[in-house]
Amino acid sequence: RKVFLWVSVHMGSNASASQAMELEEVARMLSPCGFDVIIVCCSNQAAENYWQARLEQTVVQVTGTNAKVVAVHEDWNGGAGNGLGTLYAYQKARDKASRDGFDLDAKLSGGASVALFHTAGKGTRLAPLPGAENNNKPGVKLPSLLEVGGAAQPLTVLEAVMRQTSSYAPLRGGRISVFWGDQVFVPSAGIQPSTHPADILAALRPMPSKAEWEAGQLHQYGLIAVGTAGDATQLEKVDYDTAKAYLPPDVERVGTSLGSFSLSAALLAALMAEFAPELAAKCACLDSDPHFWMPLTLQKEDYLAVMGKKGTPADEAAAHYARMAAFAAKFAPGGGGILGCVDVGAKALWWDYGRLELYQTNNLHAAEEGPSPHALRTFLKLQPQGAPESDASGRQQRNQLGAGLTVHPSAVVLNCRIGSGTIGAGCGP
């Protein structure tokens with residue numbers, strides 16, 4: 001029987017108005033508001049089979065909605081990249097769903113909300129934990145329990161991401177939302193609607209000065225800049241002076257990109273038609289940022305310069321830029337921006353489970369004190385919604401604990417059978 005313990009030390013912090021907002025956002029995630037269709041893109045057939053069976057049992061518990069679940073795997077030699085990979089995963093999901101008499105294209109164009117979760121990869125940054133899950137990286141466990149097949153089982157990282165992102169579903173009818181399977185965040189700017197054919201999530205702030213740019217080390221991140229009309233520009237990791245040279249003069253806000261994006265049904269169909277040759281041949285590797293958003297938002301000279309730094313020959317970059325310019329002219333002949341931004345807020349809570357050290361830190365976070373741990377425990381259902389931070393009633397669940405065992409109030413103990421000993425801060429080696 002698997003045993004899960006999460007123990008940490010107390011860290012004092014006062015509740016605030018921002019904490020109330022955080023808890024309100026978590027409550028939205030826990031409400032029955034999930035996507036109508038959930039697509040999971042896996043690394044191989046075994047993972048596809050696992051997630052199809054698993055999520056059909058847990059999707060209602062996780063998202064509150066009995067979504068149509070379609071798990072697929074990316075059988076693309078060398079990898080498709082997350083741009084073509086998104087289109088290919090949708091294509092495979094559409095074909096698989098059609099065998100059940102489910103018309104995914106019709107559902108999406110008719111207003112259904114669709115979520116696609118990318119989970120492929122070996123999980124090298126999280127090693128050795130994925131090895132305990134048969135190299136199923138998104139199957140790594142978190143401190144929260146679900147009922148699966150009549151037994152208590154831990155929530156997986158992927159299911160946590162599904163729970164968190166479900167709050168976007170009510171505002172994303174007729175769109176496909178693309179998420180990564182290892183990061184959980186709580187927006188500080190609320191759940192904002194999509195206003196463009198494509199949008200990308202980012203933590204926006206007012207356009208900084210050069211000193212603020214350098215202090216925030218923004219040169220280390222992929223960035224999104226938003227102008228007065230709401231149109232977004234995608235930037236790679238650049239210094240302040242380069243950013244000013246590339247960006248339109250009316251930029252009001254800039255922020256770090258989360259990478260997750262959404263597409264309208266019309267834009268998805270247009271992209272699938274444009275890249276039909278690559279999808280049929282299962283060739284090429286195209287990512288969303290450098291191959292979709294940057295050529296659609298940067299000037300040609302700036303795009304060639306950026307791609308040159310990435311090692312792409314100038315003629316190849318120019319040809320792709322021309323291809324995307326022709327695509328944009330055909331898709332939106334009247335002009336107007338294709339890419340927008342959905343702000344998650346500069347103070348969004350962020351729990352990353354994609355690296356081993358962050359996995360450990362964020363699990364121990366659930367046993368700490370303060371607004372963020374309180375929100376995390378509520379999200380993981382280790383604390384009743386609306387309960388004060390001091391309420392520790394949910395930190396022990398489904399256990400068989402002996403009379404000789406002492407458990408510190410801060411500890412989280414789930415589904416364990418322990419006869420005696422001490423669990424709490426300072427008990428480790």
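**Note on the pocket lining and the aromatic pairs**

1. Strand S9 (198–206), S12, H10 and S14 each put at least two residues into the lining of the largest pocket. S12 gives the most, with 4 residues. Helices (H or I, at least four residues) and strands (E, at least two) here are DSSP runs, numbered from the N terminus.

2. Before you go further: this is a predicted model, where local features need pLDDT of at least 70 and side-chain atom pairs count only at pLDDT 80 or more, while totals for chains, interfaces and linings use all residues. Numbering runs from 1 along each chain as its sequence is written, and side-chain values use heavy atoms, with hydrogens and water left out.

3. Back to that pocket: its volume is about 890 Å³. A pocket is an open set of points on a 1 Å grid over the protein atoms alone where a 1.4 Å probe fits, with protein on both sides within 12 Å along at least five of seven lines; lining residues have an atom within 4 Å of a point. The volume is the space filled by probe spheres set on the points, which are joined across faces, edges and corners.

4. The lining has 32 residues, and the closest to the pocket centre are Gln 183, Gly 222, Ser 257, Leu 258 and Gly 259. By class you get 11 nonpolar, 11 polar and 10 charged residues (Ala, Val, Leu, Ile, Met, Phe, Trp, Tyr, Cys and Pro are nonpolar; Asp, Glu, Lys and Arg are charged; the others, Gly among them, are polar).

5. On to the rings: there are 14 aromatic pairs (Phe, Tyr and Trp, the last by its six-membered ring, with centres within 6.5 Å; planes under 30 degrees apart are stacked, over 60 edge-to-face, the rest tilted). Phe 185 and Trp 350 have ring centres 6.1 Å apart and planes at 20°, so they are stacked. Phe 185 is buried at 4% relative accessible area, whereas Trp 350 is partly exposed at 36% (buried is under 20%, exposed over 50%, partly exposed in between; 1.4 Å probe, protein chains only).

6. Phe 261 and Trp 293 make an edge-to-face pair, 5.4 Å centre to centre with 70° between the planes. Here strand S12 (residues 251–264) holds Phe 261 and helix H10 (residues 288–297) holds Trp 293, 32 residues apart. Phe 261 is buried at 2%, and Trp 293 is buried at 1%.
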